[in-house]
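Here is a short briefing on one protein chain. Keep the sequence and the model side by side as you read.

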Amino acid sequence: MTEHTPAVGTDAVDAITAQWYAVRPDLDTEPMAVFGRIYRIAKTMGDAMERTYNRYGISRGEFDVVATLRRSGAPYTLSPRELSATLMLTTGGMTGRLDKLEKAGLLCRAPDPHDRRGLKVTITERGLALIDEAVAAGLEVQAAALTGLDEDEVRALTALLRKLLAGVH
């Protein structure tokens with residue numbers, strides 16, 4: 001991380017909350033300020049990650065599937081149901097992604113040897129190489145976005161976001 005940078009000026013979210021204050025001074029717009037910024041960060045970073053993964057011929061959603069297999073550890077195999085549950089996707093949505101990724105040679109599907117009705121999805125060598133490059137590129141983009149914060153601020157932000165996330169579930 002870089003040295004601590006001075007505080008930034010006002011932003012678009014400040015303008016929005018100021019407008020609300022002008023017409024409804026009785027409202028506490030602090031939650032709007034927090035979630036407005038979270039939304040804008042998520043949108044901006046989501047778009048940046050999409051562009052990054054597109055360089056590897058995959059979308060963010062497809063990245064998620066291959067990355068989930070990679071994170072599962074050797075032999076990098078999960079059932080479509082396990083993938084769907086991890087990624088919070090319907091089976092129909094998962095099938096479309098698996099079809100595209102299999103056609104691209106990044107994964108393969110085979111019968112589950114322990115369940116005649118089941119399938120197992122396994123990352124291919126090509127998929128393994130691609131995901132290792134794509135995840136590194138994605139982390140570079142994310143790290144670059146954090147350069148305005150020092151290490152202590154990143155740790156504090158991580159802790160606060162973890163606490164916030166636990167409170168909204």
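A residue counts as exposed when its relative accessible area is over 50%, as buried when it is under 20%, and as partly exposed in between. M88 is therefore exposed, because its relative accessible area is 75%. The model is predicted, so local features are reported only at pLDDT of at least 70.

**Helix α2**

- Helix α2 spans residues 30-54, which makes 25 residues.
- From first C-alpha to last, α2 reaches 36 Å. That is close to the 36 Å expected at 1.5 Å a residue.
- Its buried residues are A33, G36, G46, A48, M49, T52 and Y53.
- What do the buried residues of α2 pack against? They pack against α1 (12-23), α3 (60-71) and α6 (125-145).

**Helix α2 with α1**

- Two packed helices are described by the angle between their axes and the distance between the axes.
- For α1 and α2, the angle is about 145° and the axes are 10 Å apart.
- α1 passes α2 in a right-handed crossing.
- On the α1 side, the contact involves A12, V13, D14, I16, T17 and W20. On the α2 side, it involves M32, A33, G36, R37 and R40.
- The residues of this α1 and α2 contact divide into six nonpolar, two polar and three charged.
- Two of the α2 residues in this contact, A33 and G36, are also listed as buried.

**Helix α2 with α6**

- The axes of α2 and α6 come within 9 Å and cross at roughly 150°.
- This crossing of α2 and α6 is right-handed.
- α2 contributes M45, A48, M49, T52 and Y53 to the contact. α6 contributes A134, A137, G138, V141, Q142 and A145.
- How many residues in the contact of α2 with α6 are charged? There are no charged residues, with eight nonpolar and three polar.
- Among the α2 residues in this contact, A48, M49, T52 and Y53 are buried.

- Y56 sits in the loop between α2 and α3.
- Y56 is partly exposed, because its relative accessibility is 23%.
- Leaving aside residues up to four places away in sequence, Y56 touches L130, E133, A134 and A137.
- Y56 and A134 are 78 residues apart along the chain, yet their C-alpha atoms are separated by 6.7 Å.
- A134 and A137 also belong to the α6 side of the contact with α2.

**The sheet**

- Strands of a sheet pair through backbone hydrogen bonds, either parallel or antiparallel.
- Here, three strands form an open sheet in the order β1-β3-β2, with antiparallel pairing.
- Which are the edge strands? They are β1 (77-78) and β2, and each pairs on one side only.
- Helix α5 (residues 91-103) packs on the sheet and touches β2 and β3. The direction of α5 makes about 115° with that of β2.
- Strand β2 (residues 107-112) and strand β3 (residues 115-123) are joined by six bridges.
- A hairpin of two residues connects β2 to β3.
- C108 has T122 in β3 as its bridge partner. A110 stands opposite K120 in β3.

**E102 in helix α5**

- E102 lies in helix α5.
- Is E102 buried or partly exposed? E102 counts as partly exposed, because its relative accessibility is 28%.
- E102 touches L107, C108 and R109, not counting residues up to four places away in sequence.

**Backbone points to check**

- Most residues other than glycine have a negative phi, and most peptide bonds are trans.
- A cis peptide bond joins A74 and P75, with omega about 10°.
- P75 lies in the loop between α3 and β1.
- Y76 lies in that loop between α3 and β1 as well. Its phi is positive, about 60°, although Y76 is not a glycine.
- Y76 is buried, because its relative accessible area is 18%.
- M88 also has a positive phi, near 55°, and is a residue other than glycine.
- M88 is in the loop between α4 (80-87) and α5.

Terms used. Residues numbered from 1 in each chain as written. Predicted model: local features only at pLDDT ≥ 70, side-chain atom pairs only at ≥ 80, totals over all residues. Heavy atoms only, no water. Helix = DSSP H or I, 4+ residues; strand = E, 2+ residues; numbered from the N terminus. Expected span 1.5 Å × (residues − 1). Buried < 20%, exposed > 50% of the residue type's maximum accessible area, 1.4 Å probe, protein only. Contact = heavy atoms within 4.5 Å. Pairing = 2+ DSSP bridges. Axes fitted to C-alpha atoms, helices over the stretch in contact; angles between N-to-C directions. Left-handed = near helix turned anticlockwise from the far one by under 90°. Nonpolar A, V, L, I, M, F, W, Y, C, P; charged D, E, K, R; others polar.
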